[in-house]
Amino acid sequence: MHYQSTRGDKKRISGSEAIILGLSNDGGLFVPEFIPKLSLEMIEELASMPYSRRASYIMSLFLTEFSIDELDQYTDIAYSTDRKNGFKHKEIAPLHKADNNTQFLELWHGPTCAFKDMALQVMPHLLTASLKKSGKRDDVCILVATSGDTGKAALDGFCDIQGTKIMVFYPRDGVSEVQKLQMISQSGSNVNVVAVEGNFDDAQTGVKEIFSDTALNKELDGSGYTLSSANSINWGRLVPQIVYYVSAYCQLLEQNEIKAGEKVNFCVPTGNFGNILAAWYAEKMGLPVNRLICASNRNDVLTQFIKTGIYDKNRPFYTTVSPSMDILVSSNLERLLFELSGKDGSLVASYMAALSAEGKYFVPDSVHAELNRLFSAGYCTEDDTKETINDTYRASGYLIDTHTAVAYKVLKDYREETGDNNISVVVSTASPFKFCEAVLEALGKKCTDNKAILIDTLSEVTGYAVPAQLVDLKSATPRFTDSVEVPAMKAAVIDFIGGR
Ligand SMILES: *Cc1c(COP(=O)(O)O)cnc(C)c1O
């Protein structure tokens, strides 16, 4: 299996090279040359296997230079419940049945309590193995721009992994208190965390600029370092995410909720378009999917795009209670545009040029129609987010976080609009304990001290135990307190690498 850029560069590279590079030299993202097929019989076979084996199998179809034995080794470690820092649920990504046609896919039982763990627990293994395969002896420095959850999950995944350094940039005022403390108290000798004076898009743009700075990259190469990315622009993040869509279907089969071949909907709270794009790949492989419902918060640039075919980021940026979706430039959409426009790299390059020059592009009717064959979209206001958390908790005792609430509300609206009664899976992306303040407020407990961690308060109010992964957070000591302006990000990277 080879990979190519979404922007027309004709170079074909291997999966491991794509994982090392993260981003193509022409600024594009790497995509597989074809999408492997998954038969219904194979899905039924996977249904009798544990999560780690489902993961090895799906990953082996895309990462053909890795043997099944190698992948088994990585997934055994990554999706283990035996490690102290491992997953806390034996199913790894369990379903919670809310009613006869609604299921929540809980992707937050990993070490950092957000769905980013699903990919970032296994990706460091893929990256270090890729470096070995390539014969490159450089150390790798991972740069991450985070809206909150990727940062911690990447720090946890790469902490003290030999031959790697990791540097995380987060928007200073754009993450929850729990997210921030999780990051700035990270242990490990190869890690660094810096706040950026700006929002997530600023941080992401800053990181992308560092990647495409040829002079800097040459200089780093000379001193034995290669830059790479752990953001969802990296193919090594996307592949492991395809797994849980297949796995959710396997569980529905196992639990006799569906018949083999029956189509289901997935409703996904979306920011950078990585999570829902993985669902699209799963469908293209052959997973029986009816609709993919893209859920946005107030920053509904994606919803507007899916409805109109016009992508326009010239609009206010809102800081919301679902900060991991506060994004106006959804990087992974580029991969979908490439696939939907007949793999026309120069067309995609022209969209992206228009996006950076005018903040706007539109796709032809044919591409828009293709998009609407599978995707629906909706958005959720701040009030509706909180109301959904409260209603769900009062009605059933089930506590969901703000991002999951956005998706649940959008699903309800979609059903009302369409009457579609297929079984729907709401993708639940974070533990409510990562967003205590907003969840407490939703439950009618307004907190005045907005710097408090509030984990214990949420536990007392709801009777839910504090997740084991977060118990020690209260007593954690901040290690990283620096903040930089966007133009100073590059110097911060050089400093960090220099001080090895
Ligand atoms: C990252 C994140 C999202 C958005 O996922 P994308 O892949 O960026 O679309 C949604 N919810 C939570 C809790 C997240 O951490």
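The following questions and answers walk through a predicted model of a protein.

Residues are numbered from 1 along each chain as its sequence is written, and side-chain values use heavy atoms, with hydrogens and water left out. Because the model is predicted, local features need pLDDT of at least 70 and side-chain atom pairs count only at pLDDT 80 or more, whereas totals for chains, interfaces and linings use all residues.

Trainee: How many helices and strands does the protein have?
Mentor: Helices (H or I, at least four residues) and strands (E, at least two) are DSSP runs, numbered from the N terminus. Counted in this way, the protein has 16 strands and 21 helices.

Trainee: What radius of gyration does the protein have, and why does it agree with a compact globule?
Mentor: The radius is taken over C-alpha atoms, and the globule rule is 2.2 Å times the number of residues to the power 0.38. The C-alpha atoms fill a box of roughly 60 × 50 × 50 Å along the principal axes. For 500 residues a compact globule would have a radius near 23 Å, so there is agreement with the protein's radius of gyration, 21 Å.

Trainee: What percentage of the 500 residues is buried?
Mentor: Buried means under 20% relative accessible area, exposed means over 50%, and partly exposed lies in between, with a 1.4 Å probe and protein chains only. By that cut-off, the buried share of the 500 residues is 62%.

Trainee: Why is strand E11 described as largely enclosed?
Mentor: Strand E11 covers residues 289-296, which are eight in number. It is largely enclosed by the rest of the structure because the count of buried residues among these eight is seven.

Trainee: Which strands pair with E11, and in what sense?
Mentor: Two strands pair if DSSP finds at least two bridges between them. Strand E10 (residues 264-269) is joined to E11 by five bridges, and proline 269 has alanine 295 of E11 as its bridge partner. E11 also pairs over five bridges with strand E14 (residues 375-379), where serine 296 is partnered by tyrosine 379.

Trainee: Which helix lies on the path from E10 to E11, and what is the handedness of the crossover?
Mentor: A crossover is right-handed if, with the strands pointing away from the viewer, the path from the first strand over the helix to the second runs clockwise. The chain crosses from E10 to E11 through helix H12 (residues 274-285), and this β-α-β crossover is right-handed.

Trainee: Which elements do the buried residues of helix H15 pack against?
Mentor: H15 (residues 345-358) has 14 residues and reaches 20 Å from its first C-alpha to its last. Its buried residues include Val348, Tyr351 and Leu355. With contact meaning heavy atoms within 4.5 Å, the buried residues pack against strand E12 (310-312), helix H14 (333-340) and strand E13 (360-362).

Conventions:
Expected span 1.5 Å × (residues − 1).
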